[in-house]
Amino acid sequence: MSDSVNTPEVSRPAPGGEHHPGEPVRHTRSKGEPRFPDGPRADPAGSHFERRIRSFQPRRSRVTAGQADALQRLWSRWGLDIDGKDVDLAELFGNDRPVVLEIGFGMGEATAQMAAADPDTNLLAVDVHTPGQGNLLNLADQQGLTNIRVANGDAIILLREMLTPDSLDGLRVYFPDPWPKKRHHKRRLIQPEFLSLAATRLRPGATVHCATDWEPYAEQMLDVLTAHPDFENTQADGGFAPRPAFRPLTRFEGQGLDKGHVVNDLLFRRVQHGDR
């Protein structure tokens, strides 16, 4: 997942400057000028700052002209700042179709493909990587995908403070940061506490779908999900699942497979207490 804090130094070309589509746009902002006046806020949940271990790490990235344009044009319609305030999903999407939450969508290509293949399902895609947010909005606009909303900020705050119980029909976490060093394992997203929180927002029968190419993390995910009382494995043998047809094979994943990486999918179902 690309759940990452960034501070892009771009919003529009300098006066008289020339730029080409797809190229980074450099712009010197005056003091106090927001990077994207009509786009995602830099710190939407600043008042909710908590001293807890985060599953994402800060980094800086540049935004292309096309991404910046999409953020400016489309954020007010299809964007959501995670600020801790209640959100009505039916109002956000303009309908009462099932909603699947995706945490960490990278540049959004796979998210756009899944949205196009399943127009009757709404996708709420969360990340804090500004170029990815702009890219996904741009893809949705170009392809006419009205069932995508892009959320900016910490998914934990979204789950805990903004969504109502049983409001989600699915949760997707594809290729999250594996935090490979042992001392960093506590930063991994898929932990018992996270699953307990997610379970409160997932309706019974909803599916949790995780995928990773880091085998030690895949084993941990399998152990943690199997042990959790709110979830059951959809696989009769209690193991990993074949990659479902609805999850696209991404370029990143293809490169990993070419290098001999093993990708593991996990598909678990939300159950009522006592149903296992």
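I started at Ala125 and looked up its bridge partner in β4, which is Val150. Helices (H or I, at least four residues) and strands (E, at least two) are DSSP runs here, numbered from the N terminus. I kept in mind that this is a predicted model: local features need pLDDT of at least 70, side-chain atom pairs count only at pLDDT 80 or more, and totals for chains, interfaces and linings use all residues. Residues are numbered from 1 along each chain as its sequence is written, and side-chain values use heavy atoms, with hydrogens and water left out.

**Around β4**

Strand β3 (residues 122-127) runs parallel to β4, with five bridges between them. Strand β1 (residues 79-81) is also parallel to β4, joined by three bridges. Two strands count as paired if DSSP finds at least two bridges between them.

I checked how covered β4 (residues 148-152) is: five of its five residues are buried. Buried means under 20% relative accessible area, exposed over 50%, and partly exposed in between (1.4 Å probe, protein chains only). Ile148, Val150 and Asn152 sit on one side, Arg149 and Ala151 on the other, and all are buried.

**Asn95**

Next I turned to Asn95, in the loop between α2 (89-93) and β2 (99-103). Asn95 is partly exposed because its relative accessibility is 21%. Leaving out residues up to four places away in sequence, I listed Leu89, Ala90 and Asn122 as the residues it touches; contact means heavy atoms within 4.5 Å. The side chains of Asn95 and Asn122 make a polar contact at 2.7 Å. That term covers a pair of N or O atoms within 3.5 Å; within protein, one must be able to donate a hydrogen and the other to accept it, and residues adjacent in sequence count only if both atoms are side-chain atoms. The two C-alpha atoms are 9.0 Å apart, and the residues 27 apart along the chain.

**Salt bridges**

I noted eight salt bridges in the structure, each a side-chain nitrogen of Lys or Arg within 4 Å of a carboxyl oxygen of Asp or Glu.

- Arg247 and Asp265 meet at 2.8 Å, N to O. Arg247 is in the loop between β7 (231-233) and α8 (251-258) and Asp265 in strand β8 (residues 264-270), so the pair ties together parts 18 residues apart in sequence. Arg247 is buried at 2% relative accessibility, and Asp265 is buried at 1%. I also saw Asp69, Arg73 and Asp141 joined into one network by salt bridges that share partners.
- Arg160 and Glu161 meet at 2.5 Å, N to O. Arg160 is partly exposed at 33%, as is Glu161 at 22%.
- Asp169 and Arg203 meet at 2.4 Å, N to O. Asp169 belongs to strand β5 (residues 168-174) and Arg203 to strand β6 (residues 202-212), so this pair links parts 34 residues apart in sequence.

**Whole chain**

Last, I looked up the totals. The protein chain has eight helices and eight strands, and buried residues make up 52% of its 276 residues. Among contacts between residues at least 6 apart in sequence, 81% join residues at least 24 apart.
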